[in-house]
Amino acid sequence: MSRKLTVVLLSMLVLAGAMGLKTVVTAHGNSPAVFSATGAPIPTPF
Amino acid sequence: MLGPADWVIWSLATLFEAAVVVCSVRKKVFRRYFFLNLYMLFSVLVSVGQFRVLMHYGRSSLEYRYFYYYSEALLVISLYFALISLYSVVFQELRVERYVRFGAVLLLAGTAWFSYAVVNQSSARMLTHFVYELSQNLYFIGLVLTYALWGVILKLRETRALLVQLVLSLGVYFSAYAASYAISNLRPDLLPHIAYLFPIIGCLLPLAWAYAIWRVPGEARIEPARLAVASR
């Protein structure tokens, strides 16, 4: 049980950390985050 | 209209993605890094699909935009599972795969819920916005997970050279994206120039993986620093 709770805690920490990082990165502007996993030309975001 | 540079970068990226799978088969590590290869196979298929849609409808068409962002979201999810499979390889000897799978599903569900909460406000094209938001958020989750995995590798003194190379390449890939994204937010006037960087970064990950798989034998071990000092 404690192992499962540890997994839940770690998952929540990663989620909070990642979303916090995203907030920090986007704090100074609102340009769209465009990623390209394939190298294809990126169209205008929605 | 696409310029010659766009075509070259795209072609090279697809070539490198195929090269990862070919190198894995040749070096007999395909099954060990199955999800990484699956991600690369999906990338090749998506590239072909994107090419066909682009040729048929054009870059500014709604069809290309939909196809691009939906297929990218699927690719990001498969990249997420590829990253989780690296966790499974690292934790193999501790026999905690069950907990890794549980954590991975929980984290994916949490990210989906968070993305839904963000786009819940907009009623128009909510599914499209959700897919776009989810893929963005998963990139940042991937970044944090890669750094956490690197910490685990250091803590457990993991010495499998290929595994270390794969994780480091992934770390550089995610970090480069995050840095480019941060710069484009700090200096929006640079966005048109930085936009060229994204496909190049996407091209470098399969190149690094293909090179690592080709050059580093599957059973090769890195000599730990402490052993290196003791042997002097």
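Student: In what order do the elements of chain B run from the N terminus on?
Tutor: They run α-α-α-α-α-α-α-α-α, that is, nine helices and zero strands. Helices (H or I, at least four residues) and strands (E, at least two) are DSSP runs, numbered from the N terminus.

Student: Before we go on, where do the numbers and letters come from?
Tutor: Residues count from 1 along each chain as its sequence is written, while chains are lettered from A and ligands numbered from 1 in the order in which they are written. This is a predicted model, where local features need pLDDT of at least 70, side-chain atom pairs count only at pLDDT 80 or more, and totals for chains, interfaces and linings use all residues.

Student: Where is confidence lowest and highest in chain B?
Tutor: Helix α9 (residues 225–230) of chain B is lowest, at a mean of 55, and α2(B) is highest, at 94. Here pLDDT is the predictor's confidence in each residue, from 0 to 100. The mean for chain B is 88, and 95% of its residues reach 70 or more. The model scores ipTM 0.87 and pTM 0.90.

Student: Nice. Now the interface: how many residues of chain B are in contact with chain A?
Tutor: 54 residues of chain B are in contact with 33 residues of chain A, where contact is C-beta atoms, placed from the backbone, within 7 Å.

Student: And which element of chain B gives the most to that side?
Tutor: That is α5(B), with 13 residues.

Student: How does α1 of chain A pack with α5(B)? What angle?
Tutor: Helix α1 (residues 2–25) of chain A and α5(B) pack at an angle of about 120 degrees, with their axes 8 Å apart. Axes are lines fitted to C-alpha atoms, for helices over the stretch in contact, and angles run from 0 to 180 degrees between N-to-C directions.

Student: Which residues meet there?
Tutor: Among them are V14(A), L15(A) and K22(A) in α1(A), and N137(B), F140(B) and A148(B) in α5(B).

Terms used. Two residues are in contact if their C-beta atoms, placed from the backbone, lie within 7 Å.
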